[in-house]
Amino acid sequence: MSGIRSKEPEKFQQLQAVIDAKKGMKGALMPVMQEAQAIFGYLPKEVQQFIADGLGVTLSEVYGVATFYAQFVLEPQGEHVIGVCLGTACYVKGSQAVLDRLSEELKVPVGKTTADGKFTLNATRCLGACGLAPVMMIGDEVYGRLTPDEVPGILAKY
Amino acid sequence: MDLFRSQVLICGGTGCTSSGSPELIRLFEEKIRDVGLDKEVKVVRTGCFGLCEMGPIVIVYPEGAFYSHIKPENVDEIVNEHLLKGRIVRHLLCREAVEQQGATKSLDEVDFYKKQKRVALRNCGVIDPERIDEYIAFDGYKALAKVLTEMTPQQVIDTIKASGLRGRGGAGFPTGTKWQFAANSVSDQKYVCCNADEGDPGAFMDRSILEGDPNAVIEAMAIAGYAIGANQGYIYVRAEYPIAVKRLQVAIREAREYGLLGKNILDTGFDFDLDIRLGAGAFVCGEETALMQSIEGKRGEPRPRPPFPAVKGLFDQPTILNNVETYANVPQIILKGPEWFSSMGTEKSKGTKVFALGGKIKNTGLVEIPMGTTLREIIYDIGGGCPNGKKFKAAQTGGPSGGCIPASLLDTPIDYDNLIAIGSMMGSGGMIVMDEDNCMVDIARFFLDFTVDESCGKCPPCRIGTRRMLEILERITEGKGEDGDIEKLETLAKNIKASALCGLGQTAPNPVLSTLRYFRDEYEAHIYEKRCPAGHCKKLLKYTIDPALCKGCSLCSKVCPVGAISGEIRKPFVIDSSKCIKCGACMEKCRFNAISRK
C-alpha cells in the first residue's frame, strides 16, 4: 500500500467502522462519502477505492458521485476555507466585488488554495443568510454586510 | 412545568446567530441568575422572527417588547430596567415599535408584521424548537392524533384536497391530488419524502421553518404516511444548513422518545419512522426524480416522467415528495379544517405563502402573507421600499426558474397563476428586490451562469443550450454584442424550454425571456450603443470628470493605478479613456462629486 494509507492507518480504521455501520443501509454510498470527507478533509483516489471495496460498488460509481456534488473535493483544502456567497441577494448587493478583492489579496483564483496552504477561496451558492448580504464564511464563522475594504482586515485575523 | 412571569425570546436562526445571538443567550442567562430572577424569567432560544435586518432580535413577553440590534453591552440594561423594574428600555426598541407620542407598540403591531398572516411560520420565533414539549403545548401532534384515531386515510386526503393546498416548492401541484395518486398505487412499501434541499438563491424560508419548528414537518410527514400507507420517510436537507440539520435530529429523537415516531404510534398500530439524508450541493437535486436518485446514493440526475414518483419513485416504490413549507401547513389544515385554509387566498391559490425578502430593500427577512397580496404591499408596506432613496426597478421571484417583475406590474395580486402569466413564477419564495443600479442584462447573465454550473449534463438542450445563451449574454455585457443576438437568445430559449428533460432546463431561459420582455431597451443599449444604462457593466462604463465641478486637487490622479488621469493643479483634470481600467478608485476618492460613470 502506498501514500496516505500507510501514513494514516487510524483514519482508515475510522472509515472502516463507518462502512461497517452503514453497509446494510439503503443508499449508503453518499452518507459514507460524507463521513469519509469529514475524516480526511477530502476524497483522494485511495479513499474512494477503499469505499468502493467496502461497499461492493465500482470505483467509477464512487468517482461519479464525488464529481457530481459540489460538497465533495478531490484535493486537499486550505487550513481555512473561504466561501463567498454568490446567491442573488448577495450578488445584487455587491458580493462579486468582495470575491474579486479576496482573489486579489490572496493572489489566488476562485476555487483554488493559496501556495502556503492557508486559504482556499470558493464562491458558494446561497447560504440563506440573505438578511446579512453580502455574506462570506471562513470556516464556520459568518461575516455579513461586507464591503471589499473590510477584506484585508478580516484576513489578517487568520 | 415551571411557570415564569416573563419570557425573554432570543432568535437562534441563522441570521441572528451570525450576528451574535448565542453570546446574548449566554449573557442573559448569566445576568438573570446573578440578579436572582432565574425562577421568574425564562430565556428561550427560538427560531427566526423573520426580520433578519434588525438582528439580533430579543423579544420580552408578556409585553411583547421588540428589541432590535441588541449588543452584549445592552444585556445589563434590559435585565436591570425591564426585568427587574418593569420599565421597557425604549431606546433599545426597534425604531418602529416606538410611537411618536411615546407609547410603545408590541411586535404584531409593527408595520412589518401587521399585514402578515402566519400559518407555516406560526411557531417560528415563538417556541424553543429543541423542546418537543413546547411544540405539544401549541397543539403539536394533535393533528396526528386526530388523524390516527378519528379519520380514515381517504378522509385525510379529501381534507387536503378540499383545502386547495398546492405545492410550495415552486410548481404548485395540488398536494391532495399527489397524495391520492400515491395512495392508489398498490405496494407493500411506500415512502414519504421531504424536499428540504432549498437551492434557489435568495430563498431561506424552508431553512427557517426547519430551524424554528422542525416538529411541524415531522408531524405532517407522519400524517402523509398514514394517508398514503407508508411507514418510512426521508428528509433530504442541504448539508449547508447545519442548524436546521441539528434541530431536525433533536426533534426526531424526541419524537421517538415520546412514541410519536416508530412502532405503534399512540397505540393505534400505525408505524412510521424518519431518516435524514444530507444533500451535497447540487441544485438539480431539488427536482423530484433527481432528489430520489440522490437519496439512493447516486448521482442526482433526473429521469423522464412518467412513471411518476407516486407510481414508481424512491427505490422504485410509490413515493410522495413535498416541500418543507407545504408540510408545515398540513397539521393546521387538519386541526382547523379545510374551509379555514381555503378562506385565505385567491380563487386558485389558497392559504398563505412565505417569501424571503432580500436584495435592495429596507426590511430584509421572512414574510408570510395571504395569497393575493400585491407585490406593492410586500415591497413597500412590509419591506419598506428600497434603501438610500433609490428607485425600485424590479422584483425577481422564482430563482433561476423565474423572472423579473417591473414596477408597472407591482399591483399584481400574487398567486401561482398570475406570476406565470407575467413571465415569472412563484418558485420556492425568494423575492429579490433590485434598484436602478442593477443591470437587468447582467442579472440574466448571473442566472444563466448559475444554470450552466448546475446543469447535470444529462440532456443536451440544457447542457449545451444554456451555455450558448450564457456566451451571448457575456458578450453583450462586455460590449461585444451584435445585431441579431436578441433574436438568437429568443430562439435558443424557445427550443430549450420545449426540449429539456427536467424542470431545471425547461425553466432556465425564463430570466432571459422576462428581462427581454420588460427591459428590452437595456439589452438594446448594451448592443447598439455599447452603454449600460444602470452603470453596472464594467467594460461598458466610461468615467468622466465634470470640469465645472473639478477643483483640480489632483487626488484622483494620485489614486489612479494606471496613470490615466492628468492635469494641472487647480485646473480641471481629464481621464484618458484608452488607459482607464474602470476600477472606480478615482470616483470613490473625489470629494467634489466631479467624476461620473455612465
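This is a predicted model: local features need pLDDT of at least 70, side-chain atom pairs count only at pLDDT 80 or more; totals for chains, interfaces and linings use all residues.
Domain bounds here come from an automatic or database domain assignment.

**Domains**

| Domain of chain B | Residues |
|---|---|
| domain 1 | 6–114 |
| domain 2 | 132–342 |
| domain 3 | 352–435 |
| domain 4 | 440–528 |
| domain 5 | 541–597 |

Taken over C-alpha atoms, the centres of domain 3 and domain 5 of chain B lie 38 Å apart. Chain A is assigned domain 1 (4–68) and domain 2 (80–156), and the C-alpha centres of domain 1 and domain 2 of chain A are separated by 30 Å.

**Where the chains meet**

On the chain B side, 39 residues are in contact with 30 residues of chain A. Two or more of those chain B residues come from each of α1 (14–18), α12 (288–295), β10 (352–359) and β14 (430–435) of chain B.

**A helix pair in chain B**

Helix α9 (residues 205–212) and helix α13 (residues 324–336) of chain B have axes that come within 9 Å and cross at roughly 45 degrees. Because of that angle, α9(B) counts as oblique to α13(B). From α9(B), the contact uses Met205(B), Asp206(B), Ile209(B) and Leu210(B), while α13(B) brings Val324(B), Glu325(B) and Ala328(B). Five residues of this contact are nonpolar and two are charged, with no polar ones.

Terms used
Residues are numbered from 1 along each chain as its sequence is written. Chains are lettered from A and ligands numbered from 1 in the order in which they are written. Two residues are in contact if their C-beta atoms, placed from the backbone, lie within 7 Å. Helices (H or I, at least four residues) and strands (E, at least two) are DSSP runs, numbered from the N terminus. Axes are lines fitted to C-alpha atoms, for helices over the stretch in contact, and angles run from 0 to 180 degrees between N-to-C directions. Angles under 35 degrees count as roughly parallel, over 145 as roughly antiparallel, 65 to 115 as roughly perpendicular and the rest as oblique. Ala, Val, Leu, Ile, Met, Phe, Trp, Tyr, Cys and Pro count as nonpolar, Asp, Glu, Lys and Arg as charged, and the others, Gly among them, as polar.
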